[in-house]
Amino acid sequence: MARKRDRARIAVFVSGGGTNLQALIDAQKTGQIPNGRIVLVVSNKKDAYALTRAKEAGIPALTITKKQCGSAEAFEEALKEAVKEYMVDLIVLAGFLAILSENFTKDYPERIINIHPSLIPSFCGEGYYGLRVHEEALARGVKVTGATVHYVNEIPDGGEIIIQKAVNINNKDTAESLQRKVMEQAEWKILPEAVQKVAKIITKSRQG
Ligand code: GRF
């Protein structure tokens, strides 16, 4: 087990069901993220099931919504305050359905990562989330799709790629079955792997 200061403090930003958050919680429990620790979950939707998952795992959770904050700027400021208060080293966007502006991303270079349910640069960018990603993959007739974990910068889904994993499509797949397959075969595997990889880089950079 790594000492406390050898572990990056992680915040997971969510909006929905939180199955990727759950994959991280489970990976943490089984020792697959030795260089990181989830210290905070932030949801921009007050009824996100991910909040229940955080609670059950004993992880502090906050709800910060644009509506509550009054503007996109105030929303990002509130997120920054939470990040500061919990001394967060790494932000993981795990199904976080709000686009963060450059004003936010510029403050955390190589300290924000995102999971996207396709092989970037296919089926990504603004508006590509949820079932639409899989519907478009099926409509285009690709035979292989997958998931990507990448660093987040000011371009939606445009930051450097960290890990990708491919998933085969068969002719019986629907958008729903494909969404499930991509999660099970790719997302829930590569997200914990990428988080450990980046957490290790962060803790190493502190020591050196
Ligand atoms: C996942 O498909 C993820 O790739 C995307 O949003 C979905 C979130 O699912 N960014 P969950 O909330 O983790 O279950």
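Modeller: Two residues are in contact when heavy atoms of theirs lie within 4.5 Å. In this predicted model, the buried residues of α2 pack in that sense against β1 (8-14), α1, β2 (36-43) and β3 (61-63).

Colleague: Which residues of α2 are the buried ones?

Modeller: In helix α2 (residues 49-56) they are Ala50, Leu51, Arg53 and Ala54.

Colleague: What makes them lie on the same side of α2?

Modeller: The directions from the helix axis to their C-beta atoms span an arc of only 160°, and therefore they share one side of α2. On the face turned away from that buried side, α2 carries Lys55 and Glu56, which are exposed. Just after the helix comes Gly58, with a positive phi of about 75°.

Colleague: How do you know that the buried residues of α6 are on the same side of the helix?

Modeller: The buried residues of helix α6 (residues 131-140) are Val133, His134 and Ala137. Their arc around the axis is only 90°, so they are on the same side of α6. In general, an α-helix has 3.6 residues a turn, so residues three or four places apart point the same way. Elements covering the buried residues of α6 include β5 (112-116) and α7.

Colleague: Why is Thr145 called buried?

Modeller: The term applies under 20% relative accessible area; Thr145 has 2% relative accessibility, and it therefore counts as buried. Thr145 belongs to strand β6 (residues 144-151). Beyond residues up to four places away in sequence, Thr145 touches, among others, Pro117, Leu119, Val167, Ile169, Leu178 and Val182.

Colleague: Why is α1 described as oblique to α7?

Modeller: Helix α1 (residues 19-29) packs on α7 at an angle of about 55°, and their axes are 9 Å apart. Angles under 35 degrees count as roughly parallel, 65 to 115 as roughly perpendicular and over 145 as roughly antiparallel, the rest being oblique; α1 is therefore oblique to α7. The crossing is right-handed. Residues making the contact include Ala23, Leu24 and Ala27 of α1, and Trp188, Leu191 and Val195 of α7.

Colleague: Which residues have the most contacts inside the largest nonpolar core?

Modeller: In that core of 36 residues, they are Val12, Val92, Ile113 and Val195. Helix α7 (residues 175-207) supplies the largest share, 10 residues. Another core, of 22 residues, lies apart from it and includes Ala78, Phe96, Ile112 and Val152. Leaving aside neighbours within four places in sequence, Val12 contacts residues including Leu21, Leu24, Ile38, Leu40 and Val92.

Technical notes. Residues are numbered from 1 along each chain as its sequence is written. This is a predicted model: local features need pLDDT of at least 70, side-chain atom pairs count only at pLDDT 80 or more; totals for chains, interfaces and linings use all residues. Side-chain values use heavy atoms; hydrogens and water are left out. A nonpolar core is a set of buried Ala, Val, Leu, Ile, Met, Phe, Trp, Tyr and Cys residues joined through side-chain atoms within 4.5 Å. Buried means under 20% relative accessible area, exposed over 50%, partly exposed in between (1.4 Å probe, protein chains only). Helices (H or I, at least four residues) and strands (E, at least two) are DSSP runs, numbered from the N terminus. Axes are lines fitted to C-alpha atoms, for helices over the stretch in contact, and angles run from 0 to 180 degrees between N-to-C directions. A crossing is left-handed if the near helix is turned anticlockwise from the far one by less than a right angle, and right-handed if clockwise.
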